[in-house]
Amino acid sequence: MKILVVEDDSRISSFLQKGLEEAGYYVRLAHDGYEARDLIQSESWDLFILDVMLPDIDGLQLAQIIRYKKIDTPVLMLSALGEAVDKIKALDIGADDYLVKPFQFPELLSRIKALRRRYELHYSKEQVIQIADLTVNIDKNTIERGGQEVFLSAKEFRLLVFLLENKNRIVTRTQILDTVWNTNMDTYTNVVDVYISYLRNKIDSQFAQKLIKTVKGRGYMITADA
């Protein structure tokens, strides 16, 4: 299990690293929000442990970045702020758990194990999305249309999944850019049209029923309706 610990107090961060490594975890430390933000975006992690009160970018802002980037890795907040309003704010932003300092290390380990169990239970269920004769298995990264296997690039696959997660609903180019490309810059909207064309060639071109629809002036949708 690979854990990113974000804590600006060197005494506490050293204590956490030593204890977690002794418990068998791989630990990477970040001592400020900027360093943490770069590590969050450049590497994959199994758990984030975030101190709330950090210089520059604080722990709550980091949690917002994590969820904005559609990263579903569990987030455990650490803070000396123990009022109910502080916990509610963190959980509403996207944190999964909140531990008040000072805490007993065995409690931290128990919370880590509980978060991991919940995460694994959620993702142990095979995620399959289907519309008409198109079936996408998200866990296995497999696609079938009319019983025929379809092969997509990673970006095409992510675009298709996003359309399917919003099936029968219109999604705008901006929404697609924001989710699939992690940008909302309008100058890149042409790339959406290009990738929609790629998907149509692979998903729709050989079949009488077309699933990917253009809604003029609004965006795209995937639907089995005529």
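Colleague: How many aromatic pairs are there?

Modeller: The count is 2 aromatic pairs, where rings of Phe, Tyr and Trp (its six-membered ring) pair if their centres lie within 6.5 Å; planes under 30 degrees apart count as stacked, over 60 as edge-to-face, the rest as tilted. Mind that this is a predicted model: local features need pLDDT of at least 70, side-chain atom pairs pLDDT 80 or more, while totals for chains, interfaces and linings use all residues. Side-chain values use heavy atoms, without hydrogens and water, and numbering runs from 1 along each chain as its sequence is written.

Colleague: How are phenylalanine 15 and phenylalanine 105 arranged?

Modeller: Edge-to-face, because their planes are at 75°, with the ring centres 5.5 Å apart. Phenylalanine 15 is in helix H1 (residues 10-22) and phenylalanine 105 in helix H5 (residues 105-124), so the pair links parts of the chain 90 residues apart; helices here are DSSP runs of H or I, at least four residues, numbered from the N terminus.

Colleague: Is phenylalanine 105 buried or exposed?

Modeller: Buried, at 15% relative accessible area, whereas phenylalanine 15 is partly exposed at 45%. Buried means under 20%, exposed over 50%, partly exposed in between (1.4 Å probe, protein chains only).

Colleague: And what about tyrosine 195 and tyrosine 198?

Modeller: Also edge-to-face, with centres 5.1 Å apart and planes at 70°. Both tyrosines lie in helix H8 (residues 189-204), about one turn apart.

Colleague: New topic: which ring does the charged end of lysine 2 sit over?

Modeller: Tryptophan 45, at 4.6 Å from the ring centre. That label needs NZ of Lys or CZ of Arg within 6 Å of the ring centre and within 35 degrees of the ring normal. Lysine 70 lies over the face of tyrosine 68, 5.9 Å from the ring centre.

Conventions
Helices (H or I, at least four residues) and strands (E, at least two) are DSSP runs, numbered from the N terminus.
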